[in-house]
2 protein chains.
Amino acid sequence: MYQQPIFEGRTIMTPGPVEAHPAVLRQMVQPILGQFDPEFLKIMNEVKEMIKVPFGTKNKQAFAIDGTSRSGLEAALLALIEPGDKVLIPAYGRFAYLLGEICQRAQAEIVWLEKDWESPFEQSVVIEAIKEHQPKIVAMVHGETANAQMQPLDQIGAFCRENDVFFVVDMVATYGGIELKVDDWKVDIAIAGTQKCVSVPSGMSLITYNDRVEKYIQPRYQKELGLGSDEQSERYVRSNYLDLTQLQRYWGPERINHHTEATSMVYALHEGLRLLLLEGMENVYARHTKNDRILTESLEKMGLEIFGARETKMGTVIPVRIPEGIDGEEVRALLLDQFKIEIASSFGSLKGKIWRVGNMGYSSRQTNVLHFLSAFETVLKKVGYEFDYGVGSTYALEEYLK
Amino acid sequence: MYQQPIFEGRTIMTPGPVEAHPAVLRQMVQPILGQFDPEFLKIMNEVKEMIKVPFGTKNKQAFAIDGTSRSGLEAALLALIEPGDKVLIPAYGRFAYLLGEICQRAQAEIVWLEKDWESPFEQSVVIEAIKEHQPKIVAMVHGETANAQMQPLDQIGAFCRENDVFFVVDMVATYGGIELKVDDWKVDIAIAGTQKCVSVPSGMSLITYNDRVEKYIQPRYQKELGLGSDEQSERYVRSNYLDLTQLQRYWGPERINHHTEATSMVYALHEGLRLLLLEGMENVYARHTKNDRILTESLEKMGLEIFGARETKMGTVIPVRIPEGIDGEEVRALLLDQFKIEIASSFGSLKGKIWRVGNMGYSSRQTNVLHFLSAFETVLKKVGYEFDYGVGSTYALEEYLK
């Protein structure tokens with residue numbers, strides 16, 4: 001017979017999933033409400049409004065999709081792509097290739113713009129590529145968790161708007177931890193998740209899009225066959241589950257019966273967003289910035305090298321080069337097995353070359369930073385890395401005591 | 001500023017979502033584990049095994065998908081369908097049209113076999129249609145929540161197997177409440193959800209498929225572009241998020257980094273399935289059968305008519321004809337607003353004609369049945385329905401006291 005698992009908590013210092021806020025988890029214990037129960041509709045409506053704040057948008061459309069972050073990426077791209085449409089994907093890290101993966105499976109024609117993973121693109125380079133290739137859509141990642149680099153977006157957004165190109169941006173790794181300006185940067189569709197800086201368990205994707213997108217996708221709406229065949233479109237979206245035109249009508253006043261909402265996750269999301277607003281977004285961003293600075297400086301005091309361009313480093317991940325002769329996976333295993341602390345490895349060409357230390361959401365707090373640094377020093381000493389033992393953790397403690 | 005909602009519980013007697021088991025909800029408060037944390041992988045592996053039991057299968061492949069029930073339907077159909085493939089869909093209720101909706105958007109050629117919603121198909125009728133149309137896939141609903149009718153599957157399954165046709169069955173409304181025999185009935189892919197008889201919140205889909213399907217979909221696997229381009233297939237599945245070939249490798253020993261698992265939902269699912277096994281599947285089914293009988297008989301004592309063929313009525317839903325002159329929505333509103341009891345309306349041609357009373361999972365229990373019947377009698381009396389007031393609830397109480 002299977003037993004109820006006994007959970008020993010973890011100090012999660014990865015770039016997601018991170019520790020859910022205890023108050024968020026407690027909301028998941030609340031009793032189920034029917035998805036069209038007026039009490040639940042009120043919660044949904046509040047969630048719609050709160051989602052907009054960390055995105056920095058006044059868009060009419062903002063809601064959650066019942067799937068992990070990438071379900072929102074796929075919904076966004078499926079809504080815009082029709083077979084053969086050209087999508088430009090500038091790639092400076094792993095998750096651009098996920099955008100490409102989704103576009104390819106949606107039968108788009110993809111134009112790749114690739115570079116090393118040390119830094120993001122100069123915006124002018126992307127703009128030149130748009131001029132050259134005349135894509136219908138530009139799809140980019142705002143913050144790349146694989147290498148902790150962050151892409152400036154404002155000029156690209158402005159150029160897309162002027163030239164009637166759709167600008168789709170993956171903000172999964174920055175939403176709720178770094179200030180976003182979806183409206184100012186002229187992003188047409190932005191996508192985020194719950195399991196990073198919102199401190200909510202994984203399982204939902206957050207999306208917002210502007211009137212321009214809404215107007216474009218409107219004629220693609222086709223009523224679900226089970227609800228009637230009176231609203232048809234030859235250009236219907238190639239998915240039922242991830243059809244933005246239906247999801248919009250599920251979250252909106254029409255309340256079509258599209259799926260059975262994941263109510264407990266919506267309770268959690270409501271609380272996660274509410275706690276961000278309660279802390280105040282400026283304070284939230286300042287907290288992440290401070291912890292990023294202290295982590296980064298402490299690791300450097302230990303003689304470790306931070307990967308990639310510093311001026312474009314994302315504040316929610318610290319990518320640390322694994323020193324020569326050290327087995328990165330051994331260090332990770334010792335941290336997890338002996339200290340219950342989790343940090344991440346990386347992807348592709350960076351696999352085995354860097355550790356990724358997360359600085360996200362509820363996990364971005366003083367106690368976590370101090371616990372991690374102390375444990376990390378102990379483990380690094382144990383595996384033979386030569387440094388001034390104690391220098392990182394005591395530096396961090398001094399900084400917090402200031 | 002937004003407030004934390006204050007939840008007043010509901011007695012949910014709909015065909016889903018139903019009340020989550022309190023022990024299930026409590027598991028959602030457990031701390032987050034990383035998705036590749038050995039402790040979490042153990043939970044995932046146990047979930048895989050437990051999922052098989054209510055399906056009645058020894059299939060190697062069984063796992064959960066991070067999306068509501070229909071995400072599993074779409075994943076199943078996308079894995080089998082290539083554009084232009086012929087799918088036969090026998091429809092005796094609303095959810096067959098969801099299958100058709102998904103197939104249409106997947107570019108399949110659909111052959112419809114339609115009938116009234118009073119009863120399911122004679123199996124011979126479906127078999128004749130298979131002979132005539134020679135489809136690649138037959139997609140059916142086992143239990144239709146819209147009209148509470150249940151389809152016998154064994155002969156259709158046997159014929160499909162003999163003729164190399166894939167048999168895909170939606171078991172969302174019966175899984176965990178009615179005995180299923182996926183292997184004996186020769187169902188190739190079966191799909192269920194969490195929000196009905198498993199007493200877990202909505203948000204996950206459960207799926208199992210046999211070696212035949214696994215062998216068929218194997219050459220369709222294409223590695224996600226972000227993980228490498230060394231495994232390509234011209235027949236790749238037209239979705240990243242709902243690609244069964246990738247999901248299998250996420251839940252299997254390869255542990256590809258496909259998405260960030262919804263860990264808290266997996267904890268809940270583990271507990272929901274564990275509680276079913278602990279109660280014993282035979283006892284679970286007997287409980288549903290008993291409550292279905294008492295509900296049905298009590299409603300009939302009140303002079304109400306049960307919709308549809310009795311011998312094929314599904315035990316997890318009681319479809320009640322709304323008496324002449326009674327406003328069905330007024331009754332539902334009084335139940336919800338005054339008693340915090342929720343029952344459902346229906347779809348399509350049955351909208352406004354029947355109420356649907358659910359008998360599922362944790363909601364299928366004596367106290368719920370008694371509370372519902374007492375309240376229902378009071379409300380029906382209030383709206384002017386003429387019957388022997390008290391006859392239904394006292395009958396039910398007598399039956400439970402036996």
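Biologist: How much area is buried between chain A and chain B?
Modeller: In this predicted model, the area buried between chain A and chain B is about 7300 Å², and carbon and sulfur atoms give 58% of that area.

Biologist: Which residues of chain A lose the most area to chain B?
Modeller: Those are Tyr2(A), Phe7(A) and Arg105(A), which together account for 12% of what the chain A side buries.

Biologist: And how many residues are in contact on each side?
Modeller: The contact between the two chains involves 82 residues of chain A and 82 residues of chain B.

Biologist: What about salt bridges across the interface of chain A and chain B, how many are there?
Modeller: The rule finds eight salt bridges across that interface, and one that can be looked up in the structure is the pair Glu224(A) and Arg94(B), whose closest N and O atoms are 3.0 Å apart.

Biologist: How many residue pairs are in polar contact there?
Modeller: Across the interface of chain A and chain B there are 44 residue pairs in polar contact, counting pairs in which both residues have pLDDT 80 or more.

Biologist: Which elements of chain A give two or more residues to the side that touches chain B?
Modeller: They are helix H1 (22–27), H2, helix H3 (69–80), H4 and helix H9 (263–279) of chain A, and the largest share of that side, eight residues, comes from H4(A).

Biologist: How does the side of chain A that touches chain B split by class?
Modeller: That side of chain A has 34 nonpolar, 27 polar and 21 charged residues.

Biologist: Staying around H4, where does Ala106(A) lie?
Modeller: Ala106(A) sits in the loop that runs between H4 and strand S4 (109–114) of chain A, and, leaving out residues up to four places away in sequence, Ala106(A) touches Leu78(A), Ile81(A) and Pro83(A).

Biologist: Why is Ala106(A) called buried?
Modeller: Ala106(A) counts as buried because its relative accessible area is 12%, and the cut-off for that class is under 20%.

Biologist: And what separates Ala106(A) from Arg255(A)?
Modeller: Their C-alpha atoms are separated by 27 Å, with the two residues 149 apart along the chain.

Biologist: Changing topic, how is chain A divided into domains?
Modeller: Chain A is divided into domain 1, covering 21–276, and domain 2, covering 281–401; the centres of these two domains, taken over C-alpha atoms, are separated by 30 Å, and their contact takes 29 residues from domain 1 and 24 residues from domain 2 of chain A.

Biologist: What area is buried between those domains?
Modeller: About 2100 Å² is buried between domain 1 and domain 2 of chain A, with 67% of it given by carbon and sulfur atoms.

Biologist: How many salt bridges and polar contacts go with that?
Modeller: The count between the two domains of chain A is one salt bridge, together with nine residue pairs in polar contact, both residues of each pair being at pLDDT 80 or more.

Biologist: Which elements supply the domain 1 side?
Modeller: Helix H2 (38–55), helix H4 (94–105), strand S6 (143–144) and strand S7 (149–150) of chain A each supply at least two residues of the side of domain 1 that touches domain 2, and by class that side has 14 nonpolar, 10 polar and five charged residues.

Biologist: Where are Arg321(A) and Glu118(A), and what do their side chains do?
Modeller: Their side chains meet in a salt bridge, with an N to O distance of 3.9 Å; Arg321(A) falls within the bounds of domain 2 and Glu118(A) within those of domain 1.

Biologist: Next one, is Ser363(A) buried or exposed?
Modeller: Ser363(A) counts as buried, because its relative accessibility is 1%. Ser363(A) lies in the loop between strand S13 (354–358) and helix H12 (366–382) of chain A, where, not counting residues up to four places away in sequence, Ser363(A) touches Ile12(A), Met13(A), Val18(A), Glu19(A) and Asn368(A).

Biologist: And which class does Lys131(A) fall into?
Modeller: Lys131(A), a residue of helix H5 (123–133) of chain A, counts as partly exposed because its relative accessibility is 42%.

Biologist: Last, where is Val172(B)?
Modeller: Val172(B) lies in the loop between strand S8 (166–170) and strand S9 (189–193) of chain B, and Val172(B) counts as buried at 9% relative accessibility. Val172(B) and Gly193(B) are 21 residues apart in sequence and 5.3 Å apart in space, C-alpha to C-alpha.

Definitions and conventions. Residues are numbered from 1 along each chain as its sequence is written. Chains are lettered from A and ligands numbered from 1 in the order in which they are written. This is a predicted model: local features need pLDDT of at least 70, side-chain atom pairs count only at pLDDT 80 or more; totals for chains, interfaces and linings use all residues. Side-chain values use heavy atoms; hydrogens and water are left out. Helices (H or I, at least four residues) and strands (E, at least two) are DSSP runs, numbered from the N terminus. Buried means under 20% relative accessible area, exposed over 50%, partly exposed in between (1.4 Å probe, protein chains only). Domain bounds come from an automatic or database domain assignment. Contact means heavy atoms within 4.5 Å. Buried area is the accessible area (1.4 Å probe) that two parts lose on being put together, summed over both. A salt bridge is a side-chain nitrogen of Lys or Arg within 4 Å of a carboxyl oxygen of Asp or Glu. A polar contact is a pair of N or O atoms within 3.5 Å; within protein, one must be able to donate a hydrogen and the other to accept it, and residues adjacent in sequence count only if both atoms are side-chain atoms. Ala, Val, Leu, Ile, Met, Phe, Trp, Tyr, Cys and Pro count as nonpolar, Asp, Glu, Lys and Arg as charged, and the others, Gly among them, as polar.
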